[in-house]
Amino acid sequence: MSQENTTHAVEHRDDYGSKLGMWIFLFTELFLFGGLFLVYAVYRMEYPEDFHASSLHLNTFIGAINTFLLVTSSLTMSFAVTAVQKGDSAFAAKMIGITMLLAFVFLVNKYFEWDHKILAQLYPGSGLMLSLKHGYVLFFGLYFFMTGLHALHLIIGLVLMTVCLFKVNNRSINADRNILLVNSTLYWHLVDLIWIFLFPLLYLIP
C-alpha cells in the first residue's frame with residue numbers, strides 16, 4: 001500500500017497567524033473610529049455651545065447602563081475563553097450566552113434611545129433639525145452615524161458569538177482548538193473599547 005494512502009491528511013493550522021490577522025484588523029478598525037473621533041473633536045471645538053446643548057438631549061443614565069453592560073460582557077467573554085482552555089465547555093457556553101444577553105439588552109436600550117430622538121425629530125433631515133443651528137445638525141449627524149456604526153459592529157459580534165456557542169456545544173471549539181473564540185473575544189473587546197470612548201464624548205463632556 002502506498003504511503004499516500006496510509007498517511008493521514010494533516011489539517012493546516014496557524015493559530016498565531018490567525019491571531020495576528022485579527023490584531024491587524026482591529027488596528028484598522030481603531031483607525032476608522034479614531035478618524036471619526038477626530039472629526040467629532042474638531043467640530044466640537046468649532047461649535048462648543050451647540051454641541052453642549054445637543055448633548056443635553058441624550059440620556060446619560062441609559063448611556064451609563066449600556067457602558068456597564070458592555071464592560072460586564074467583555075468580562076464574561078474572557079471567562080468563556082478561560083473555561084474552554086480549561087476544558088469546561090458547559091461553563092463557557094453559559095458565559096457566551098450571558099454575553100449575548102447583555103449585548104441584546106444594550107441594543108434594546110439603544111433602540112429606545114434612538115426612537116425617542118426620532119419622535120422628537122432630533123435626527124438629520126427632520127423638519128426641526130433644519131431649523132436649528134449648524135452645530136446641532138453636526139452633533140446629531142455624528143451621534144447617529146457613530147452609534148449606528150458601533151451597533152453594526154455589535155451585531156456582527158453577536159453573529160460571531162452565536163457561531164462560537166454552537167461550536168462550543170458540539171465541542172469543535174475545545175481546549176486544543178479555540179482560536180475562533182479567542183479572536184471573537186478580541187473583537188468583542190474592541191466593541192467595548194469603542195463604546196468606552198463614545199460614551200464620554202457624546203454624553204459626558206460639557
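**View 1. Helix α3 packs against helix α7.** Helix α3 (residues 48-55) meets α7 at an angle of about 55°, and the two axes are 8 Å apart. That angle makes α3 oblique to α7. Helices here are DSSP runs of H or I with at least four residues, numbered from the N terminus. Axes are lines fitted to C-alpha atoms, for helices over the stretch in contact, and angles run from 0 to 180 degrees between N-to-C directions. Angles under 35 degrees count as roughly parallel, over 145 as roughly antiparallel, 65 to 115 as roughly perpendicular, and the rest as oblique. The crossing of α3 over α7 is right-handed. Right-handed means that the near helix is turned clockwise from the far one by less than a right angle; left-handed means anticlockwise. From α3, the contact uses D50, F51, A53, S54 and S55. From α7, it uses G135, Y136, L138, F139, F140 and L142. Contact means heavy atoms within 4.5 Å. By class, this contact of α3 with α7 has seven nonpolar, three polar and one charged residues. Ala, Val, Leu, Ile, Met, Phe, Trp, Tyr, Cys and Pro count as nonpolar, Asp, Glu, Lys and Arg as charged, and the others, Gly among them, as polar.

**About the model.** This is a predicted model, in which local features need pLDDT of at least 70 and side-chain atom pairs count only at pLDDT 80 or more, while totals for chains, interfaces and linings use all residues. Residues are numbered from 1 along each chain as its sequence is written, and side-chain values use heavy atoms, with hydrogens and water left out.

**View 2. Helix α7 runs alongside α8.** The angle between α7 and α8 is about 160°, with axes 10 Å apart. The two helices are therefore roughly antiparallel. Their crossing is left-handed. The contact of α7 with α8 divides into 20 nonpolar, five polar and one charged residues.

**View 3. Helix α4 also packs on α8.** Helix α4 (residues 60-85) and α8 have axes that come within 10 Å and cross at roughly 165°. They are therefore roughly antiparallel to each other. Again, α4 passes α8 in a left-handed crossing. By class, the contact has 16 nonpolar, 11 polar and one charged residues.

**View 4. H150 sits in helix α7**. Its relative accessibility is 1%, so H150 counts as buried. Buried means under 20% relative accessible area, exposed over 50%, and partly exposed in between (1.4 Å probe, protein chains only). Leaving aside neighbours within four places in sequence, H150 contacts F33, L70, F106, V191, I194, W195 and L198.

**View 5. Helix α5 and its residue V108.** V108 lies in α5, which covers residues 89-119. At 1.5 Å a residue, the 31 residues of α5 should span 45 Å, and the end C-alpha atoms are 45 Å apart, which agrees. The expected span is 1.5 Å times one less than the number of residues. V108 has a relative accessible area of 28%, so it is partly exposed. The C-alpha atoms of V108 and N66 are separated by 9.9 Å, yet the two are 42 residues apart along the chain.

View 6. Q121 follows α5 and lies in the loop between α5 and α6 (127-130). Its phi is near 60°, a positive value in a residue other than glycine. Q121 is partly exposed, at 35% relative accessibility. R171 lies in the loop between α7 (134-169) and α8 (179-204). R171 is not a glycine either, and its phi is positive, about 70°. With a relative accessible area of 48%, R171 is partly exposed.
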